[in-house]
Amino acid sequence: MSSATTPKVGVLVLNWNGRQLLEDFAPSWVAHTPDYAELVIIDNGSTDESLSFLQSAYPEVKVLAFEENYGFAEGYNRAIAALDYPYVVLLNSDAALSEGWLDEALELLETEPELGAVQPKIRALRAPEAFEYAGAAGGYIDALGYPFCRGRLLDTVEVDRGQYDEPSELLWASGACLIVRRSVYLELGGLDTRFFAHQEEIDLCWRMVSRGWRIRLAPSGVVYHLGGGSLSAESPRKVFLNFRNNLLMLYKNLPTPRLYLVLLLRLMLDALAALVYLLQGRGRHAVAVLRAWRRFLILRPHYELPRGNNMRARRTDLPLPLKPYSLLLHYYLLGHRRYSQLP
C-alpha cells in the first residue's frame with residue numbers, strides 16, 4: 001500500500017502510569033505502524049515516568065498529554081476530537097502488533113463506505129496460537145445482553161485454526177484494537193464517558209449498527225493482546241464495571257417492551273451470579289455485582305435522554321442485532337463451548 005504525505009490512520013494508544021507497558025510494547029508499535037499511519041501516545045495524566053521514558057526512548061513518537069486521568073472512554077473521546085485522521089485505531093497499551101496487521105482493515109474501510117469499524121483477529125500474547133478473551137474474531141451479544149466472541153464463549157477460548165477467517169459481519173469490534181471511521185465515531189458522540197472503562201466499545205458498536213453502519217472482521221491482520229493491563233480479571237472493580245456498564249448499555253439500546261423483560265431476567269441471573277461468588281468465598285465480587293445494580297438504578301434517570309436519542313436514530317427497518325438465543329443456556333446446559341456449535 002502506498003505511503004501518503006498526510007497519514008490516513010492515527011494509531012492511538014492510551015497510557016496511564018504504564019511505564020512498564022511502554023517499555024514492553026512500544027517497540028512493536030513503532031516497528032509495525034505502517035508509513036500511511038501515525039503512532040500517537042495519549043497520556044492520561046500519568047504520575048510515573050511514562051512521559052520522560054517516551055521522550056528519551058522514542059522522541060520521534062507523537063505524544064498527546066492530558067493533565068488528569070479521564071479514563072478509557074473520555075480519554076479517547078478528547079484525543080479523537082483533537083486529532084484529525086480519517087481513520088483512527090483505539091489500541092490497548094498491552095497489545096503487540098504484527099506485520100501487515102492494518103492493511104486489510106484500511107482497504108475494507110476505503111472500499112466499503114458503509115463500514116463504520118473493522119477489527120483484526122486478536123490472539124493471546126501468552127499463547128499466540130489461541131484467540132484472546134477480549135476480542136478473538138469479533139463479537140456479538142446474546143438475547144439477554146451477554147457479550148461473546150467468535151473464538152471465545154464465556155471463559156472458553158479456542159485455538160485459531162483459521163476456522164473464523166471467512167468474511168463476516170460483527171455486532172461489535174474489540175476495544176483492544178478497534179479500527180474506526182473517525183467521522184462515524186464523532187457522529188455517534190464517541191464512547192460513553194460514564195462507563196469509564198469496560199464494554200464502552202460494545203455500546204458504541206451497537207449504536208453504530210443500529211443506525212445502519214456495518215462492522216467487519218479483517219482476518220489477515222493479527223494483534224496479540226496481553227489482557228489485564230489496567231485491571232486484573234480477578235479485580236472486584238472490574239466485576240463492578242462489567243455488570244454496571246452492561247446494564248447501562250442494555251438500557252440505552254434495547255427497545256421497549258423487550259428491555260424490561262430482559263432486565264427482569266438479568267436481575268435474577270445477576271443475583272445468582274452474586275450468590276455463586278459468595279459460595280466461592282469471593283465476597284467482594286458478590287458485593288460488586290450488587291453495587292453494580294445499585295449504581296445502574298441511580299444512573300438510569302440520567303440515561304433517559306441518551307436512550308430516547310438512540311431509539312429515534314435507530315433504523316427500524318433493520319432487525320435487532322442481538323442473537324436470538326441465550327448463551328448461558330447453550331454453554332451450561334447444552335455444553336456448547338465453541339462459537340461454531342451455536343445456532
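Reader: Which residue forms a salt bridge with Arg216?
Author: This is a predicted model: local features need pLDDT of at least 70, side-chain atom pairs count only at pLDDT 80 or more, and totals for chains, interfaces and linings use all residues. A salt bridge is a side-chain nitrogen of Lys or Arg within 4 Å of a carboxyl oxygen of Asp or Glu. Here the closest N and O atoms are 3.1 Å apart. The partner of Arg216 is Glu112.

Reader: How many residues apart are Arg216 and Glu112?
Author: Arg216 sits in strand β12 (residues 214-225), and Glu112 in the loop between α4 (103-111) and β6 (115-124). Helices (H or I, at least four residues) and strands (E, at least two) are DSSP runs, numbered from the N terminus. Residues are numbered from 1 along each chain as its sequence is written, and side-chain values use heavy atoms, without hydrogens and water.

Reader: Is Arg216 buried or exposed?
Author: Buried means under 20% relative accessible area, exposed over 50%, and partly exposed in between (1.4 Å probe, protein chains only). Glu112 falls in the buried class. Arg216 is likewise buried.

Reader: Which residue meets Lys252 in a salt bridge?
Author: The N to O distance is 3.0 Å. Lys252 lies in helix α7 (residues 236-253), and its partner, 60 residues away, lies in the loop between α5 and α6 (200-210). Both side chains are buried. The partner is Asp192.

Reader: How many residues of strand β2 are buried?
Author: Strand β2 (residues 37-44) is mostly covered. Strand β1 (residues 9-15) runs parallel to β2, joined by seven bridges; two strands pair if DSSP finds at least two bridges between them. Of the eight residues in β2, the buried ones number seven.

Reader: Which helix gives the most to the positive patch?
Author: Arg237, Arg291, Arg294 and Arg295 form the patch. Patch residues have over 30% relative accessible area and no salt bridge; like charges are joined within 9 Å, nonpolar side chains (Val, Leu, Ile, Met, Phe, Trp, Tyr) within 5 Å. Lys and Arg count as positive and Asp and Glu as negative, His and the chain ends being left out; charges are placed at NZ of Lys, CZ of Arg, CG of Asp or CD of Glu. With three residues, the top contributor is helix α9.

Reader: What is the accessible area of the nonpolar patch?
Author: Leu261, Leu264, Leu265, Leu267 and Met268 form this surface patch. Leu267, in helix α8 (residues 258-279), is partly exposed at 43%. Areas come from the Shrake-Rupley method with a 1.4 Å probe; for residues, only the protein chains shown count as cover. Together the patch residues have about 460 Å².

Reader: Which residue joins Pro257 through a cis peptide bond?
Author: Pro257 lies in the loop between α7 and α8. Omega is about 5 degrees. The residue joined to Pro257 is Thr256.
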